[in-house]
Every structure is written in structure tokens, then in C-alpha cells.
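Hello,

Here is the structure for you to look through. Please open it first, then read my notes below.

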Amino acid sequence: PPPPPRQHVANQKEIRRFLDRIDLPHLMLFSLLALHTLSRKMAVLELKWDQVDFQTGLIDFNPKGRTRTIKRRVPVPINKTLRTVLQKAWEGRDTEYVVELNGKPLLDIKKSFATAARRAGIEWLTPHVLRHTGATLMAMEGVAMTQISGIMGDDVATVTKHYLKYHPDYLREATNALDKLYG
């Protein structure tokens with residue numbers, strides 16, 4: 001049989017500890033973009049400034065000319081925290097890429113991300129775990145599956161399959177009925 005899926009989900013304290021251990025501006029920008037948009041690693045690393053629209057408040061992770069794949073990249077609203085971070089990055093930009101290092105686009109974030117995760121004592125944390133963590137924490141906050149699927153670019157059935165169990169109302173009506181029926 002196939003192995004069980006990895007179940008790593010960071011809690012809010014672990015995410016805060018991870019962010020507190022980041023000492024590189026490009027890693028902080030990457031991490032905040034990943035956390036606040038639930039976008040995949042390559043979507044964040046390939047993001048260019050012409051895809052960030054401060055006026056409409058949207059980041060379009062699918063650039064013009066890119067063929068859509070099953071790894072959908074969707075427009076995501078810029079929240080208050082991300083707007084502040086992005087405006088600061090915009091003012092200090094050297095390239096057309098949002099996440100950059102030494103005047104060049106960043107090709108990978110693996111080493112610096114792993115170092116910060118190790119310093120935070122959560123070695124299993126990866127960029128993809130940030131995506132899973134965000135979806136899980138939103139479900140725990142009672143966010144509708146349609147909203148979570150929208151921000152992730154996944155279909156509702158997939159999101160429901162993986163994250164509905166974390167929703168505070170999950171099977172609550174059913175178990176309450178059983179409680180009423182059987183006392």
C-alpha cells in the first residue's frame with residue numbers, strides 16, 4: 001500500500017519562532033509571501049513585480065504567457081501585513097523579481113529556509129509545509145472550504161478531502177444528533 005501522507009502542520013507558535021529566526025531579508029520576504037498567499041515555492045520565487053498590483057490589491061501568480069498546469073497559480077488579494085512588506089521590498093528592489101538576492105532572482109530557497117527551520121527547532125518545516133499549515137489553520141478558524149480552495153488554486157473537492165476535518169463544525173451536527181438520540 002502507498003505510505004501514509006506526511007502530516008506535518010506547524011502551529012502559530014512554531015511559525016512565529018521560525019520567523020523570529022530568519023535573519024535574511026530575502027528569506028523573510030519569501031516566507032511571508034508563502035504564508036500569506038499559500039502559494040507554492042516556485043510561484044513565489046518566479047513572481048515578478050508586474051504581477052503585483054498595489055492599486056487593485058492583487059498578486060497574480062500566473063504571469064502572462066505561462067501555460068496553466070494542474071499546479072494552478074491564482075490571483076490572491078494582498079492583505080494588510082503583506083502590503084506593508086511588499087511596499088518595503090518594492091522600494092528596495094534591484095530586479096524585476098519580487099524575491100531577489102544580490103541583484104539577481106533567487107533560484108532556490110532550500111538552504112536558507114532549512115537553516116532557519118533548524119534554528120527554530122522545527123527541522124521538518126519546508127516551504128510546502130507552510131502551504132499545508134496555512135490551509136489547516138484557516139480551516140481551524142472556520143474559513144469556508146471554497147475560500148481555502150480559492151486561495152490555494154485547488155478544487156473544492158481536494159481541499160475538502162484534506163482540510164475539512166480541521167474545521168470546527170466538522171461532523172458536529174452528526175455527533176450532536178447522536179448525542180441527542182442516545183444521550
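Start with the terms: helices (H or I, at least four residues) and strands (E, at least two) are DSSP runs, numbered from the N terminus. Two strands pair if DSSP finds at least two bridges between them.

This is a predicted model, where local features need pLDDT of at least 70 and side-chain atom pairs count only at pLDDT 80 or more, while totals for chains, interfaces and linings use all residues. Residues are numbered from 1 along each chain as its sequence is written, and side-chain values use heavy atoms, without hydrogens and water.

The overall picture: the protein has 9 helices and 5 strands. Their pattern along the sequence is α-α-α-β-β-β-α-β-β-α-α-α-α-α. Of the 183 residues, 38% are buried (under 20% relative accessible area, with a 1.4 Å probe and protein chains only).

Now the sheet. Three strands form an open sheet, in the order β1-β2-β3, with antiparallel pairing. Its edge strands are β1 (52-53) and β3 (75-77), and each pairs on one side only. Strands β1 and β2 (residues 58-60) run antiparallel and are joined by 2 bridges. Which residue in β2 is the bridge partner of V52? The partner is I59. In general, strands of a sheet pair through backbone hydrogen bonds, either parallel or antiparallel.

Last, helix α9. This helix covers residues 172-182 and contains L178. L178 has a relative accessible area of 43%. That makes L178 partly exposed, because the term covers values between buried and exposed (over 50%).

Best wishes
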